[in-house]
Amino acid sequence: MQVMIFGATGMVGQGVLRECLSDNAIDRVLAVGRNHTSQNHSKLTELIVSDFNQLPEYPEQLTGFDACFFCLGVSAFGMSEAEYHRITHDLTMTIVEPLLKFNPNLTFIFLSGTGADNPKQMWARVKRITEQTLLQLPFKSVHIFRPAFIQPLYGIKSRTLLYRFMYAVLGPLYPVWKMLFPDYVTTTEKVGRAMIHVAKSGEGRLIHENRDINRLSEN
């Protein structure tokens with residue numbers, strides 16, 4: 001299986017990349033982004049682009065894939081709804097258009113978040129619109145992942161200072177959160193394993209909540 005990852009330098013993307021590189025069923029991983037992953041592996045190739053509008057110029061590099069793990073994302077903190085919509089929805093659609101053209105049988109897996117169906121939250125409204133748009137596209141299958149609290153493992157760190165602080169404070173309490181709220185905590189490893197599982201076997205158009213992610217990671 002050949003897969004591509006967008007956002008492989010982010011916290012979740014790093015976890016997904018790690019699991020892909022260690023999975024024997026995956027033969028090739030393409031990381032697409034503005035920065036190098038700093039990883040060195042025989043399976044891994046990287047496509048560095050300064051502007052995602054340039055993706056239609058790379059048909060050879062972006063053709064022949066079975067799945068796309070879309071882990072790009074930014075914090076909505078301090079953003080207007082219009083700005084967050086531009087980055088979260090519009091940029092995603094800019095990327096998706098050439099991928100669909102080059103890989104019509106692609107399984108597309110989108111990282112969203114718990115609470116994305118809450119219209120009272122700005123970030124959730126934008127994520128929900130993005131989810132609904134993706135679910136209507138003619139990919140082979142579309143899977144929406146909505147994790148809650150994600151514990152980074154294996155030295156992985158968020159690139160967002162606020163999140164790094166949050167994980168530094170809450171991370172040591174992960175065993176407690178897991179015991180008290182098992183449906184609302186997961187790990188970068190579990191998210192990666194669950195994404196790979198649906199890439200291998202998943203069809204249809206599905207939304208996976210945090211509890212589903214944990215269950216899928218065990219398969």
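Here is a walk through this structure, starting with its cysteines and moving out to the strands, helices and cores around them. Keep in mind that this is a predicted model.

Let's begin with the cysteines. A disulfide is a covalent bond between the sulfur atoms of two cysteines. How many disulfides does the count come to? The count comes to 0. Take Cys20: the closest cysteine sulfur belongs to Cys71 and sits 8.6 Å away, so that is too far for a bond. Cys71 is in no disulfide either, and its own nearest cysteine sulfur, that of Cys68, is 8.3 Å away. For a pair to count, the two sulfurs would have to be within 2.5 Å.

Are these cysteines buried or exposed? Cys20 is buried, with a relative accessible area of 0%. Cys68 also counts as buried, at 0% relative accessibility, and Cys71 counts as buried at 9%.

Now let's follow Cys68, which is found in strand S4. In a regular strand the side chains alternate between the two faces of the sheet. Strand S4 covers residues 67-70, and both of its faces are covered. Ala67 and Phe69 are buried on one side, while Cys68 and Phe70 are buried on the other.

What lies beside S4? Strand S1 (residues 2-6) pairs with S4 in the parallel sense over 4 bridges, and there Val3 stands opposite Ala67. S4 also pairs with strand S5 (residues 107-111), again in the parallel sense and over 4 bridges. Here the bridge partner of Cys68 is Phe108 in S5. To get from S4 to S5, the chain crosses through helix H2 (residues 81-102), and this β-α-β crossover is right-handed.

Cys68 and Phe108 are 40 residues apart in sequence, yet their C-alpha atoms are 5.0 Å apart in space. Leaving aside neighbours within four places in sequence, Cys68 is in contact with Met4, Phe6, Leu99, Leu106, Thr107, Phe108 and Ile109.

Back to Cys20, which is one of the buried residues of helix H1. Helix H1 (residues 11-22) has 12 residues and reaches 17 Å from its first C-alpha to its last, close to the 16 Å expected. H1 is mostly covered, with 9 of its 12 residues buried. Among them are Met11, Val12, Val16, Leu17 and Leu21.

H6 has 14 residues and reaches 20 Å, close to the 20 Å expected at 1.5 Å a residue. An α-helix has 3.6 residues a turn, so residues three or four places apart point the same way. The buried residues in H6 include Thr188, Val191, Met195, Ile196 and Val198.

So where do these pieces meet? In soluble globular proteins, nonpolar side chains tend to be buried together. The largest nonpolar core here has 30 residues, and Cys20, Val29, Phe69 and Met195 touch the most other members. The elements giving two or more residues to this core are S1, H1, strand S2 (28-33), S4, S5, H6 and helix H7 (210-217). Cys20 itself touches Val3, Ile5, Ile26, Val29, Lys43, Phe69 and Ile196, not counting residues up to four places away in sequence. There is also a second, separate core of 28 residues, which includes Leu30, Met93, Val142 and Ile144.

Technical notes: Residues are numbered from 1 along each chain as its sequence is written. This is a predicted model: local features need pLDDT of at least 70, side-chain atom pairs count only at pLDDT 80 or more; totals for chains, interfaces and linings use all residues. Side-chain values use heavy atoms; hydrogens and water are left out. Buried means under 20% relative accessible area, exposed over 50%, partly exposed in between (1.4 Å probe, protein chains only). Two strands pair if DSSP finds at least two bridges between them. A crossover is right-handed if, with the strands pointing away from the viewer, the path from the first strand over the helix to the second runs clockwise. The expected span of a helix is 1.5 Å times one less than its number of residues. Contact means heavy atoms within 4.5 Å. A nonpolar core is a set of buried Ala, Val, Leu, Ile, Met, Phe, Trp, Tyr and Cys residues joined through side-chain atoms within 4.5 Å.
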